[in-house]
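This report goes through one protein–ligand model. Please keep the sequence and the structure open while reading.

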Amino acid sequence: GQLDKVAKEAGLLYFGTAVDNPSLNNQNYLRIARDPAEFGSLTPANGQKWSNTQASQGRFTYGSGDAIANIARQTGQQLRCHTLVWYNQLPGWDTVSSVYNRDQMQQIITAHIQNVAGHYKGRCYAWDVVNEAMEDDGRYRNNPMYRAMGVDYITHSFKVAQQTDPAAKLYYNDFNIERCCNAKINATIAMIRTVKAAGAPVHGIGMQGHSRVGMSPSKREMKETMARFSELVDEVAFTEVDIRHTKLPIGAAEREQQGKDYMEVVGACLETPKCVGITVWDFTDQYSWIPQQYPGEGEACLWDRNYNKKPAYHSIVGLL
Ligand code: XIL
């Protein structure tokens with residue numbers, strides 16, 4: 001079987017992948033990315049981010065995001081949309097929070113979400129409405145939105161997203177919230193309770209799932225976290241999974257370990273009733289973001305750079 005095919009047979013809604021624009025002129029890449037049996041869901045890796053959709057204030061551009069959304073439309077793949085409010089990849093005009101007071105920031109967020117979520121209205125199975133709002137130590141990330149509005153920026157973002165695209169599942173998404181039970185997980189739970197109490201419609205929690213071979217969280221730990229999240233929201237998902245080797249080159253043992261680590265993630269989702277699906281943060285080492293972000297590390301994906309499937313791919317298909 002192939003990934004999405006076996007995932008659906010196992011009861012998940014989808015097995016998906018992130019897709020970035022530079023890979024769209026590569027036919028080897030596209031043959032796999034566009035195959036609905038392999039990937040039932042696509043996520044623009046960068047195309048829907050603020051820097052790509054509103055690089056200059058009030059001027060909205062959708063070419064990068066549309067290129068991927070249109071593939072999904074042609075193939076019938078679902079779209080997981082990413083992301084509306086994030087401290088990173090912001091255009092210059094919005095990065096200096098001191099120039100914005102609460103009202104101004106609220107207007108900026110409203111306009112951004114109304115435009116971007118409005119443009120994709122009805123096409124996103126889910127939106128990552130707010131991304132990475134918490135620090136590992138449990139504090140709120142001191143980003144421009146937080147400085148202007150406090151936690152209200154999160155509540156407000158979810159409310160506007162709901163008004164703009166009522167059909168989309170609205171997610172809070174973050175990293176380092178997979179392994180039970182650290183300060184960030186506790187703080188995330190408290191934050192979700194706070195914003196829901198203030199009227200924010202939070203339907204899902206996304207666990208990014210970036211981790212390292214041999215050091216990635218166990219199925220047991222992840223299931224524990226997901227059970228806690230499941231008390232708060234309708235669904236949970238792994239949204240950006242990649243499991244990188246920290247030392248290269250690697251041998252057969254490391255490849256096998258990577259397969260085991262991926263299986264822990266997939267197993268945790270399978271054994272969690274509210275886990276709807278798994279998205280990998282691109283599927284081939286050729287386009288993985290890891291070597292740029294973590295120099296010297298990599299080979300984190302299910303296919304190598306020559307489009308050979310790795311043991312991890314076969315492990316997942318075998319497990320599902
Ligand atoms: C990454 C992209 O993959 C890179 O191409 C880009 O340079 C930086 O962002 N968490 C997220 C994603 O939520 O949006 C990030 O994507 C990876 C970490």
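Where does C181 lie? C181 sits in the loop between β5 and α8; helices (H or I, at least four residues) and strands (E, at least two) are DSSP runs, numbered from the N terminus.

## Model and confidence

This is a predicted model, in which local features need pLDDT of at least 70, side-chain atom pairs count only at pLDDT 80 or more, and totals for chains, interfaces and linings use all residues. Residues are numbered from 1 along each chain as its sequence is written.

The protein chain has an average pLDDT (the predictor's confidence in each residue, from 0 to 100) of 96, and 98% of the residues score at least 70. Within the protein chain, confidence is lowest in helix α6 (residues 144–149), with a mean of 93, and highest in strand β5 (residues 169–174), at 99. For the complex, the predictor gives an ipTM of 0.99 and a pTM of 0.97.

## Around the ligand

D20, A45, N46, N131, Q208, E240 and W289 are the residues around the ligand, each with its C-beta atom, placed from the backbone, within 6 Å of it. By class, this shell has two nonpolar, three polar and two charged residues. Ala, Val, Leu, Ile, Met, Phe, Trp, Tyr, Cys and Pro count as nonpolar, Asp, Glu, Lys and Arg as charged, and the others, Gly among them, as polar.

Q208 belongs to the loop between β6 and β7 (210–212). Q208 is buried, because 21 other C-beta atoms lie within 10 Å; the classes are buried at 20 or more such atoms, exposed at 12 or fewer, and partly exposed in between, with C-beta atoms placed from the backbone. Leaving out residues up to four places away in sequence, Q208 touches N173, D174, F175, T239 and E240, a contact being two C-beta atoms, placed from the backbone, within 7 Å.

## Loop geometry

The peptide bond from C180 to C181 is cis, with omega near -15 degrees. Another cis peptide bond joins L248 and P249, with omega about 0 degrees; P249 is in the loop between β8 and α10.

Q89 has a positive phi, near 50 degrees, and is not a glycine. Q89 is in the loop between β3 (78–85) and α5 (102–119), and is exposed because it has 12 other C-beta atoms within 10 Å. N176, also not a glycine, has a positive phi near 60 degrees. N176 is located in the loop between β5 and α8, and counts as buried because it has 20 C-beta neighbours inside 10 Å.
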